[in-house]
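This briefing goes through a structure by topic, from whole chains down to single residues. Please keep the sequence and the coordinates open while reading.

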Amino acid sequence: VKVRAQTPWERWIALCLWCYPRRFRQRFGADLSAQYCEPATGRSIRAALQAASDLARGGLGARADDLCAAWSVRATGSGVDGLLVDLRHGLKSLTHRPLFALMVIATFALAASLNAAVFAILDTTLLRPLPVRDDASVVSIGSEWINFRHSSVSVPEYLDYGERSRTLSPMAALTSASFNLVTTEGVPERVLGARVTASFFEVLGAAPALGRVFTPAEDRPGAPGVALVSHRFWMRRLGGNPGAVGQPIRFDGGERLIIGVMPREFRFPAATTDVWTPLSINPADPPSRGSHNRQVLARLVPGASLARARDEMHAIAKQLAHEHPQVYPPGSGWDVSLLPFREYLFGSFQAPLATLMAAVAFVLLIACANVANLLVARATERATDLATRAALGASGLRLARQAAIEGLMLGICGGAAGLAAGAALVRALVAFFPEALPVPDRVLTDPRIALFTLLITAAAGVLAALVTRLKAFHAPPGAALRHRRASPDAATQRVRSVLTVTEIALSVMLLMATGVALRSFVRLTNVNPGHEIAGVATARMTALTRYASLADVADYYQRLTGSVAARPGVRHAGLVSYLPLSGQANDWGFEIENYTPPNPGQPPDEQMRSVAGDYFQAMGVPLLSGRLFDWHDRSDRPRVAIVSALLAKKYFGDTNPLGRRLRFHREQPWITIAGVVGDVRNHGLDEAFVPILYVPAMQQPERTMSIVARLEPGAGASVIADAIRAVEPHQPIFAVHMMEDWVFRSVAASRFNLLLLGLFAVLGILLAAVGVYGVMAFTVSRRTRELGIRVALGAEPTALLTLVLGRSLLMAAAGVLVGLAAGLGTTLLLRTMFHGVQILDPIVFATVSVLVLTVAVLASYAPARRAMRIDPLEALRTD
Amino acid sequence: MKWSAAMPPLDSSTTPALRTADLLVLAVLGDGPQHGYGLAQEIATRTKGQVAIRAADLYRVLYRMDKAGLVELAPAARRTADERRAYYRITPLGRRVARAQATLLGEICAAIVAQRPVTRGATS
């Protein structure tokens, strides 16, 4: 009954009536309005306000009554009893259609496993408390220079910080180290570890699992040799025997007493750290202030904030710069930087992990849309059932709750299955990519990961189930009951199509991201490294302590290199202090004769490498001008250097660098540039060429070097080990890799991210294909009658084929358009993971579009065939 | 949501005053169909003027009881000459619910009336 308002008073009353629920207005509106519009009642402002107040109270009260009725505890099936009924009903309807339930659970499990795996990694690195006491109070202290962020600290600086800071105490210095472990089997083993001051364990608040940590007396020079070992090392090398504590362990260069075993989760400064030995620092005789080679950790004193500590350290940096202007010249950009411990450990993983998490969230959304699609199809089948229940008085809220509980059960089952699959996935990732990402030990048994996974799948389940309760599906109960087999309701079809288009769009976004990442990866691997890759074998070693003086070391390395070069199958052999692409580097400041740096405070400072033997020939770095080193460039000969092309260009421009001179220190002799070689990269292929200064190892020896051998085709890297063993059986060598491996490792993180993205994208498009298939199969089965009539009226089978395929192509095209547009934005995120990402890549656009359209056609092929084969007689007979 | 006679007829979440109003409406309609204005008048008369129910609230009660199936709109044929007004009548369910509620309340009320006034601190 429409309330027709004519006079202003009537209009006013009609307006006030809007306080009442719609159903009320339809049924009682006219009558109630008539009550207030009696000619006898007054028309004053006061009366109007009174009426408004009455009607507002009554109307809102009626709405409240409606809400109470909907939630009413007394209504049948509500409350705890009702919940049990719903649970039982849900379980029954799932077991009634086990295949359907299995499909939904598998879909959720798939998405959940990816979510669990990525979340497990994210949790370990970014969220979980680190196995140190109050990790938020631990900070890393680093040096800030104009070109370096948070780099190493020198010993005098460390001593100054400890003395002057009031906000940071205790403070610890450490440096990574490696040890040659003498084993009973006779094959020496390389063990990675760290040398740490005794305060290291105090800073981290770490207690050993067995034994004790270092006492302050043990990091003094001349203290007896002691060592702590990791849990892993203790299990692997010492058989997990508690008696090992107190026993000596033999390293090349002397025995050390094992005084303790650290707990399993304690892996600092690196996951590979197996041995800790004391780092002795003699405050009376510290090394040079300019040699920055220590990492420093400290703990904020109780009550001190990171901001306060930063302010204090900046002030200390200013003092030091004032006191030692020759070390910290103005313009060098020197300052002290503080990083929270977690950022110091995992800072570089944050952005890529967040991107991966976003990608798995997409897969979950696709799965959710897919499940919603399945549930909608099922709800249509059950329309009669639902309509009957609605007619019998089940409230909309009640039906929604029923649906939500079903979704919840499906989601939780899927989540549980996904958790198990996720644990397996993490194990596989650990096996394939041991170094790419820090990964957790346990996934399945971790309550946080389990809770996260179950929560998101439960939420996805409920969300998907509630889509089926959208108003659009609600034909009035009468209508659903009257046509027992109605043709598919247009609204249902629309919602299902929208869901499918959404799925396609989401998977297009994932595919686009993968495509763009793949293109950047391919570009990366096609980069010219500046040297040979194939057939170059490398190994790294630290000269035995027997070779005490640097001259002895130089002689020793000459013998080793000669032995390697003499082996059959080896064309050239040489030595280098740090291999290209290995990520290890060392830079030195120097002074060039007759050269004034553009910024006087900033003397030249470049990468420096010691090389010996035929390093350049072995690595395939071309000589551009001048000469290479030979074994005659010894310490008693005039000092020489070779510069890379980039360095020559940077400091000498177009002039000839040959014969120009430079020196590392005022007191040291001049070094003459004897040659120019091609450029190489330092950390990885995604990095630009770096200027490098090469000096002969015979004049500037290093204890730890890499041996490089160019092999004849067919020869293996083992020739290096054999040749070295022939000279010195006790010399351990490690990191025996072909140069290909170094390339592989330098792109490992990108490869890992690409693989995961690709996996997500493939799963995404598979899910979308299932979605397309579902909609088309449903459409065909629902329209059998209509299609049958078309056939009966003479439609060609191909027309039916076109009808079905056309529809799925239409959905796919819509999905592709939406996905491409939305994908442009998300692809920007990839900049955190991949090098040189090109957003507008027409090849990617085209490939993804064609791929998705093809998949859509393939997915709808079976339903289309079914449509073609419809027998008109059969179709018309079905009611 | 449907009421059954075995259950207390009205929602406990509504206010006591309205619950009384529900019973009053049912009591009046129990004597025959009535229009809104007449209902309010009759309630005032029966409660000796102690309960004056406003139209806005009365229709809220009618709406709620209509949904619960306790009252309904009387068919047009039963209406008197005054066609402008809608008439409401009690349903059989409403009658049963009203009787069950009244019996229950009657017993409680009788018990209250039977209680002897007790003087504070006095011994009998």
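The model is a predicted one. Chain A has 26 helices and 22 strands, and chain B has four helices and three strands.

**Chains as a whole**

- Chain A is 879 residues in length, and 51% of them count as buried.
- In chain B, with its 124 residues, 40% count as buried.
- Contacts in chain A between residues at least 6 apart in sequence join, in 81% of cases, residues at least 24 apart.
- For chain B, 53% of the contacts with a separation of 6 or more are between residues 24 or more positions apart.
- Chain B has an accessible surface of about 7,400 Å², with 57% belonging to carbon and sulfur atoms.

**Nonpolar cores**

- The largest nonpolar core contains 124 residues, and Phe616(A), Tyr694(A) and Phe760(A) are those with the most contacts inside it.
- Helix α11 of chain A, residues 350–381, gives the most to this core, with 17 residues.
- Apart from this core lies another, of 42 residues, which includes Leu17(A) as well as Leu24(B), Leu62(B) and Val71(B).
- Leaving out residues up to four places away in sequence, Phe760(A) touches Leu114(A), Val118(A), Leu356(A), Ala359(A), Val360(A), Val363(A) and Leu510(A).
- In soluble globular proteins, nonpolar side chains tend to be buried together.

**Helix α14 of chain A**

- Helix α14 covers residues 447–467, which is 21 residues.
- From first C-alpha to last, helix α14 reaches 30 Å, close to the 30 Å expected at 1.5 Å a residue.
- The buried residues of α14(A) are Ile449(A), Ala450(A), Thr453(A), Thr457(A), Ala458(A), Ala460(A), Gly461(A), Ala464(A), Ala465(A) and Val467(A).
- An α-helix has 3.6 residues a turn, so residues three or four places apart point the same way.

- Ala709(A) is part of strand β21, residues 704–711 of chain A.
- Ala709(A) counts as buried because its relative accessibility is 0%, and the cut-off for buried is under 20%.
- Beyond residues up to four places away in sequence, Ala709(A) touches Gly535(A), Val536(A), Ala537(A), Val564(A), Val570(A), His572(A), Ala573(A), Ala618(A) and Ile720(A).
- Gly569(A) is 140 residues from Ala709(A) in sequence, and their C-alpha atoms are 9.7 Å apart.
- Ser154(A) sits in the loop between β1 (138–144) and α6 (155–164) of chain A.
- Ser154(A) is also buried, with a relative accessible area of 0%.
- Among residues beyond four places away in sequence, Ser154(A) touches Ser288(A), Arg289(A), Ser291(A) and His292(A).

**A surface patch on chain B**

- Leu104(B), Leu105(B), Ile108(B) and Ile112(B) make up a nonpolar patch on the surface, and their accessible area together is about 350 Å².
- Ile108(B) belongs to helix α4 of chain B, residues 92–114.

Conventions. Residues numbered from 1 in each chain as written. Chains lettered and ligands numbered in written order. Predicted model: local features only at pLDDT ≥ 70, side-chain atom pairs only at ≥ 80, totals over all residues. Heavy atoms only, no water. Helix = DSSP H or I, 4+ residues; strand = E, 2+ residues; numbered from the N terminus. Expected span 1.5 Å × (residues − 1). Buried < 20%, exposed > 50% of the residue type's maximum accessible area, 1.4 Å probe, protein only. Contact = heavy atoms within 4.5 Å. Patch = residues over 30% accessible without salt bridge, like charges linked within 9 Å, V, L, I, M, F, W, Y side chains within 5 Å. Areas by Shrake-Rupley, 256 points an atom, 1.4 Å probe, with all protein chains shown as cover. Salt bridge = Lys/Arg side-chain N within 4 Å of Asp/Glu carboxyl O. Core = buried A, V, L, I, M, F, W, Y, C linked by side-chain atoms within 4.5 Å.
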